[in-house]
Structure formats: C-alpha cells, structure tokens
Amino acid sequence: MPRKVNYGLDYDDDYDDNYDEYDYGYEVNENETPPQKETIKHSVWRCSICTYDNDETMSSCDICGVLHGPLLNNSIYDKKRTANIFDLKSSRVSSTVVGRDEAVKVSSMRSDSSNQSTEKGKHNRLDEINILKNIEVGPPAGSRTSDNCSASVQEGWLGHVDESSVAVNLRSSGKSSLSLMPKERNVMVDDSSSSRNGGEANSLTSNLENISFAAKSGHSNDANPGRAISRAQYKPEKWMLPEKAEQSLTQLNLAIVGHVDSGKSTLSGRLLHLLGRISQKEMHKYEKEAKLQGKGSFAYAWALDESAEERERGITMTVAVAYFDSKRYHVVVLDSPGHKDFVPNMITGATQADASILVIDASIGSFEAGMDGTKGQTREHAQLIRSFGVDQLIVAVNKMDAVDYSKERFDLIISQLGAFLRSCGFKDSSVSWIPLSAVENQNLVSAPSDFRLFWYLGPNLLDAIDSFQPPTREFSKPLIMPICDVIKSPSQGQVSACGKLEAGAVRSGSKVLVMPSATIATVRSLERDSEACPIGRAGDNIAVSLNGIDGNHVMAGGVLCHPDFPIAFAKHLELKVLVLDGATPILIGSQLEFHIHHAKEAARVARISLLLDSKTGKVVKKAPRCILAKQSAVVEVILQEAVCVEEFSKCKVLGRVFLRTLGRTVAVGIVTRIVEEQQ
Ligand code: GTP
Ligand code: MG
C-alpha cells in the first residue's frame, strides 16, 4: 500500500504557463554594450563531415562526433576531470544503506550532507581546474560566464516562455574561459535557435548564445567520447515511444496539498478505501490502533501516516505515495505534509505534480487560519504548486459537515480563495470547487447522500479527477530523471535511484549518465509501483536499479540523464524571482535556502541586477538594493555547493527554484542563466 517515500511526483512542463503574474519572458538588453573580448588564437581542425571548426584538443567533432586523429590530450584531460567531479561529490552522499525489504527513505535534500564537503577537496579541485586552464586543453571552463547581467523582460512576470522568445546574451568575461572556447559553437540548440542567431552568426556573442553543457565531452567520455549533439538532433529509438495500441491508463501524479489538519491524509485514505486499495481488514486494524492511542479520528489518515512519530503527533511529515485507478487515469496520490515545518518535504513531493487537490478546512476559523498571510499554508502551497507548473486544480472544500454543509460558507470560501488563486495565475476554467466531507463520505466517489448538500449539482471528487486534461509527456526528448531517493542494498551490491522520468525513456541495459558524479551506469532493472517493469517512459515514477556504479555516486538531488546530453552543474546562477506577498524583503547579501527539484543548498544573493515591474516585466530600476514583497527582479545567487541545473528555457523542471528563509518561502523563480559552471 502507500509508501512513505519522497518520490512519485511530477509536474508537467508542457502545461501552458501563460499567466500574467508568472511571466518569465526574457530578452537581451540591447542597450548594454557587450564587453570587449580578447582575441585569442588557437588552432582548430575542420570536420570533414559537417565542416565545424573544432578546437585542436578535441579528438572527435564536437558536433557530429566524427573522429579526428589520435586521442592524445583528451584522454588525460577526461580522466582528470571525471576524478575532480567525483572527488567533490562523493563526500556529499547521505544515503542510508538498507536491504531491499528494509528499504527506508533516504534524505532527499542534499544539503543535509553538503557540509561534509571538505575545504581540502575544494582546493584540490580548484588547483586542478587552474592547471587545466593553464595548459588550455579540454572543453570550455565556465563557458557560460558573463560579467554583465543583460536581461530585460519584454512581457509580464511568469508568462509563457518558449525557447524562441528567450534570448540570452552570454559573454565570456575571462581570458581562460575564452581561450578554452572553440571558435564557433552552436550546439544543443532547440529548433528555434537558428532564427534566433539570425544575421549575427559571426559575432562571438551570438555564437555563445546557444552553448550548452552538451558540448562538454568530458562529462560523457566513458560512453561517448567527445560527442555533443544538439537536442534538436536527438532521435528517440522506437521502443522509447509508447505504442498507440497500448491500452494502459495514463499516469496522473496528483499532489494533495493544503493547510495543516485540513484533512489531506483522511481524504486520501478514504478515497483509497472506497476504491478498494485499502481492504476492510486493514481499515479495521487502523481504526483499532488509532482508537487505542486516543486518535480515533485519524483512522483513515493512518493509512498514509505510517511512522510512529507521524501517528503520535497526528501530522504528516513526509510525502506518502499511493495509487488508485480511476476511469481515465492511473492516479499516483502524493499526500503532502501541511505543517509549515515540512514545506521542504511538500516541495519535494509536489514539484512534479501533474495536477493537484488543494484541501480546505471549511470549519469556522480554520479556513481563515489557512489563509493567514504569515502562518497559513493554504496560500503558500497554492503559490508553490502553481509555480511548479501545475495549472489544473481541484479545491476540495472539506469538513463541510462541520458547517452544516452551508452553501453560504462554501460561496464565501470560493470568493476569498478564488481571488487569491487568480492572483497566483490559476485560470477560473482550470479550477473545480467541490464541497465534501471525508469523514462522512460525502461527494467523494458518488453524489452526496446528505440532503444538506442538495444545492450542489456538480461532479463528485472522483469525476472531477477524471475531468483533468491528460498531461503531456516528453517522450521524444533525451532522458532526464531528477533523483529524489536512493535505495541501497549493500548485501547485494545494488543501488536504485528513484524519481519521476521527466523526459525520455529507459529499459534494462540502457546507459545512463549519473550527475553530478558524471559517471556512466547501466540500468539493471526497473520497478514501478513496487513491481518490475520492462520500460520506464516520461511521466513514470520508477526505481532504477543501476549496475557498474559505486552507490556513493548516486545521490538524491542528482539527475539521471542521457550520456550525450549531460545537464549542467553550477553554483553561480542568475535568476528571475518574484518575492511573495507578505514575505520579508530580499537584500544583497541575504542568506537564503535555495531549492531546485530535489536539491537544497544554502545561497547568498550576490547581486540584484534589475528590478522589474511584476505585471509588465519592464525594467523599473537597475541595481536596486532590495526587493520587496510582490516585486520581481533579476538576481545573481552563489550557492554553497553546486547543484544540477539547467536554464528554465531549456528544461523547466531543472530550472525552477524557490527561495526560503526562516521556514517560509519568500520567492519563486526560474534560472535565466548559468553564470558559471563547475567543471
Ligand atoms: P497534515 O498532513 O498534518 O497537514 O494533516 P492533514 O491535512 O492530513 O489532516 P488529517 O487527515 O490528518 O486530519 C486532521 C483531522 O481532521 C483529523 O482529526 C480528521 O479526523 C479531521 N478531519 C478530516 N476530514 C474531516 C471531515 O471531513 N470532517 C471533519 N469533521 N473532520 C475531518
Ligand atoms: Mg496528512
């Protein structure tokens, strides 16, 4: 039955994020003069196939992979660099080692162990990078480095961004990074990149626009030396695409969120029971045990709240994962904690939700407490869910029994919360409001039987779930699976990475690149819903058992990706952020918690480049000293340790961030530029 793991989760990148308050439109600031670049000569060899001018140190064409001459320097360089990353990251693993049967949850937040990264390790690493820079071999160090923020925004904050609307002005600032740069790179571009470059093809600035981490052959040398392919060139194999004849239900990852004690676990437990996922016998057991502990009203919640501490405290602390089948969907229920102390866990679970149920406690005073700007989680959860890309929402107005199923109370909640949801960017047409009672089983899977709900004529909860639009999946893109949990079995020497496949597909025998350790592993087997499965495709929540890799190199917060399409690893980032209503201002030097997919790091705000009008996205002020609540801005942050990351325009799930402090989320945002990558 339900598993207390921090995985399961999705959010869908393909949802239309086109809403006013949340616009990430982003373009080059044409008023800024590009800095003068040093001209450094270094020899190149021209690929006989695609005519790309490769740096002399490349043993194969950076674009098409055709080999050129002996491997010489590259092999030395590649070994060295892999070791670097490896050394740095191996000390960060915090995973508990367990056997298969005693599988326990492993911390999904890398920061827990991030402090273990030694200063010594860092120095060694820097020394090696310097040596590498001096001898000028290998792919570009800090290839995305820019000394000047150059973002201005053309549309409102958080509007839909497609790649064609994004133009990032990347300028190489340092001699070393420039000297390591092949003259003309234009790799890993999306379909729109050629038009983006337009007539500026000869300018170095525009040439740098489309550089991506895929150009760094060093990260994938084990699998495919020196090869870098444009994402647009990626061709999925036949088995990666679902067959039209497949009759299986579409998976829908459904995050259950809302203020503490609103009844999320009770509602989830009741649904699972009604749909046959919890047997009568099990239910009796929960009832008996809960009663014995004086917590009789939590019987259904106990199906999800499995740990002794959760049961004793009567609160959910980590995301519980369970599933049931509706008419249209294989629904993965992600029952999130509502208590403010566990918002980071809620984030871990909900980052990947396709759709969400926001549970509201209709009781007098409780709805109001949830809406409280400083203490309530209703608003925070709604904002977070929306900024994860979720735009389909059911508002389950629970505990209607406590207000006599009053229509007036229901209408009041709709009017107050509805206005807030609109301000978060939820469209009215994508939000369903269902009055119900989990405890009295009203309006869950059938029409209400209590006459006091006669006034409600809409769908029940299950029908509303079936009315969600099916999520769009990235089947045809290269593999990306952010790792949220790691399960190790030392006796069998096995390690499994758990998470949701955001893009692409895997099956046993597939080679995967495990980031940030930059190690290639082979997929041994896959599990879905605790059962072996032959193929995992985008949208699936799976456990991937890996061969050929030391378990210490697989960590929560890392990412499994396609060996030819490594994702970036960086600690210096440019973000576009929106400070939430009621949040404390962000200043230059502010120390914040930085959250990105399943990783968390301490971060310092190094620079506030631009203050933006949060409605229009226009630049209001350059270099402001602080960002106040409801303001948006372009900032640079420096993280304590590097994280796996991509620019939002390239990969939404790896480019969405949250900034928190003092137990509150203060800002949501996106990565607009990777200022400097780690090598
Ligand atoms: P957290 O996970 O800790 O945020 O709590 P939760 O939202 O999961 O709430 P939970 O399901 O643990 O329920 C909290 C309390 O609300 C329990 O005592 C439930 O019995 C009660 N409750 C849940 N649903 C209803 C309902 O429909 N009516 C009434 N009257 N009480 C309910
Ligand atoms: Mg709960």
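Trainee: Glu636 and Arg673: buried or exposed?

Mentor: Glu636 is buried, and Arg673 is buried too. That label needs a relative accessible area under 20%. Keep in mind that this is a predicted model.

Trainee: What makes Glu636 and Arg673 a salt bridge?

Mentor: The N to O distance between their side chains is 3.6 Å. The cut-off is within 4 Å, for a nitrogen of Lys or Arg and a carboxyl oxygen of Asp or Glu. Glu636 and Arg673 therefore qualify. They also link distant parts of the chain. Glu636 sits in strand E28 (residues 632-645) and Arg673 in strand E30 (residues 664-677), 37 residues apart.

Trainee: How many salt bridges does the rule give?

Mentor: The count is 21.

Trainee: Why is Lys285 with Glu289 called a salt bridge?

Mentor: Their side chains meet at 3.8 Å, N to O. The limit is 4 Å, so the pair passes. Both residues lie in helix H8 (residues 280-292), four residues apart, which is about one helical turn.

Trainee: Why is Lys285 called partly exposed?

Mentor: Its relative accessibility is 47%. Buried is under 20% and exposed is over 50%. Lys285 falls in between, so it is partly exposed. Glu289, with a relative accessible area of 27%, is partly exposed as well.

Trainee: What about Lys399 and Asp361; how do you know that they meet in a salt bridge?

Mentor: The N to O distance is 3.1 Å. That is within 4 Å, so the pair counts. Lys399 is in the loop between strand E11 (393-398) and helix H13 (407-424), while Asp361 is in strand E10 (residues 355-361). The pair ties together parts 38 residues apart in sequence.

Trainee: Why does Asp361 count as buried?

Mentor: Asp361 has 9% relative accessibility. Lys399, at 24%, is partly exposed.

Trainee: Are Ser265 and Thr316 buried or exposed?

Mentor: Both are buried.

Terms used
Residues numbered from 1 in each chain as written. Chains lettered and ligands numbered in written order. Predicted model: local features only at pLDDT ≥ 70, side-chain atom pairs only at ≥ 80, totals over all residues. Heavy atoms only, no water. Helix = DSSP H or I, 4+ residues; strand = E, 2+ residues; numbered from the N terminus. Buried < 20%, exposed > 50% of the residue type's maximum accessible area, 1.4 Å probe, protein only.
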